[in-house]
Amino acid sequence: MSEEMYRHEIAHLARVELHTPDPDGTLWFFKDLLGMYETRREGQSVYLRGYEDPYQWSLKITEGPEPRMDHAALRTSSPEALERRVRSMQDGNQDGKWTEDEFGYGKTYEFLTPDGHHMSLLWEAEKYKSPPELRSKILSRPSKKPLQGLPVKRIDHLNLLASDVTPVKQSFERHLGLRTNERVVDGSVETGVWMSSSLLSHDVAVMRDARGARGRLHHVAFYYGVQQHTIDAAEMFRDYDITIEAGPDRHGITQSSFLYVFEPGGNRIELFGDPGILILEPDFETRTWTMDQIDTGTAIGGTNLPQETYFTYGTPPVGPDPESDADADANPVPGSPLR
Ligand SMILES: [Fe+2]
């Protein structure tokens, strides 16, 4: 099988587990404001799904001492693709292990990225079957759009921070068959990559961690599909005291519309309006942005992505930056919101 044929062996981002020190606040954010359904509660964890997420859950919220990503799982396009991707990792001495202990999903191959992010691959996923009262008349929709907050449709993508972007990119290209659609370079250093297996501009992005930490999360994104909803969401977040970091605006990189906020536990969440460019060309060539083009790359509308948080804050937090007067990595969530 040629390298190019590996391209579609990863289908999409299926699920993410986030830890939070404020489980009540985090659940209020995802359930009441973003309209996600709760599908199960077990121990210190709650399982959630958006109304168009196809499986039992796309987001697991677990109480923990600090905000962070526990793991993220990509679903492969077939059982054979899963076996091939695992074999590629094993042949490349990238170790992992098989597990099968998550509600709604079958056997899963867990591995660490070269920067230490906990990732998984899986094929077996139980489809969500709605009870009669939640059944949608729109046949492609697994459940009704809830009358709650401003509901997101589904999970969209993952953005990881890495102490060194390039090895993570190379590993995803080689073992997962992801294509690097766009990247940013600062001189000879790769500072960001946007990678996909589907038609989307990115299933996974990796950005350089300005604090030099390893294996952190920048954000998880949830999909609206309508740019206006990012403006509507910003109004909701203002009224309900959720900290808005940047947006709404449109990135030049990926051409997608964005709004970044911090959920009450401290993890950065992106609300994704329209998905931006859909890449239909099978031989799309990687676009490389340089620092003199970066203003257009980050925000076409001129939004300033704040240096003091956007390029330095990730989860888990690593504490204040000793070289900066600004309290750069302080918790950006100023107290609990009213609820
Ligand atoms: Fe994003």
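**Burial, packing and backbone geometry in the predicted model**

Q255 counts as partly exposed, because 15 C-beta neighbours lie inside 10 Å of this residue, whereas a residue would need 20 or more such neighbours to be called buried. The structure described here is a predicted model, and within it Q255 belongs to the loop that links strand 14 to strand 15 (257-262). Although Q255 is not a glycine, its phi is positive, at about 60°. N93 is likewise a residue other than glycine with a positive phi of about 60°, and its place is the loop between helix 2 and strand 6 (96-99). N93 is classed as exposed because 6 other C-beta atoms are found within 10 Å. These backbone values deserve mention because most residues other than glycine have a negative phi, and most peptide bonds are trans.

Two cis peptide bonds can also be described. One of them runs from G247 to P248, with omega near 5°, and P248 itself is placed in strand 14 (residues 243-250). Another joins T315 and P316, where omega is about 5°, and P316 lies in the segment that comes after helix 5 (294-298).

Confidence in the prediction can be considered next. The protein chain has an average pLDDT of 93, and 93% of the residues reach a score of at least 70. Over residues 335-339, however, pLDDT stays under 50, and for this stretch the model has 10 contacts beyond four places in sequence.

According to an unreviewed UniProt entry, the feature "domain: VOC" is placed at residues 12-124 and 154-274. In the model, residues 12-124 are 21% helix and 42% strand, and the C-alpha atoms at the two ends are separated by 13 Å. For residues 154-274 the corresponding content is 20% helix and 47% strand, with the end C-alpha atoms 13 Å apart.

Helix 1 (residues 23-33) contains several buried residues, namely G25, T26, L27, W28, F29, F30 and L33. The elements against which these buried residues pack are strand 1 (10-20), strand 3 (45-49), strand 4 (59-63) and helix 4 (228-239). D32 is also part of helix 1, but D32 counts as partly exposed because it has 13 C-beta neighbours inside 10 Å. Once neighbours within four places in sequence are set aside, the contacts of D32 are with Q148 and G149. Helix 1 is followed by G35, a residue with a positive phi near 65°.

In soluble globular proteins, nonpolar side chains tend to be buried together. The largest nonpolar core of this model has 69 residues, of which L48, L59, V206 and F222 touch the most other members. Beyond its neighbours within four places in sequence, L59 is in contact with V16, L18, F30, M36, L48 and I155.

A further packing arrangement involves helix 2 (residues 79-91) and helix 3 (residues 165-176), whose axes are 8 Å apart and meet at an angle of about 130°. Helix 2 is therefore oblique to helix 3. In this pairing, R85, S88 and M89 of helix 2 meet R174, H175 and L176 of helix 3.

Technical notes
Residues are numbered from 1 along each chain as its sequence is written. This is a predicted model: local features need pLDDT of at least 70, side-chain atom pairs count only at pLDDT 80 or more; totals for chains, interfaces and linings use all residues. A residue is buried if 20 or more other C-beta atoms lie within 10 Å of its own, exposed if 12 or fewer, and partly exposed in between; C-beta atoms are placed from the backbone. Helices (H or I, at least four residues) and strands (E, at least two) are DSSP runs, numbered from the N terminus. Two residues are in contact if their C-beta atoms, placed from the backbone, lie within 7 Å. pLDDT is the predictor's confidence in each residue, from 0 to 100. UniProt positions are given in the numbering used here, feature names are shortened, and annotations may be inferred rather than shown by experiment. A nonpolar core is a set of buried Ala, Val, Leu, Ile, Met, Phe, Trp, Tyr and Cys residues joined through C-beta atoms within 7 Å. Axes are lines fitted to C-alpha atoms, for helices over the stretch in contact, and angles run from 0 to 180 degrees between N-to-C directions. Angles under 35 degrees count as roughly parallel, over 145 as roughly antiparallel, 65 to 115 as roughly perpendicular and the rest as oblique.
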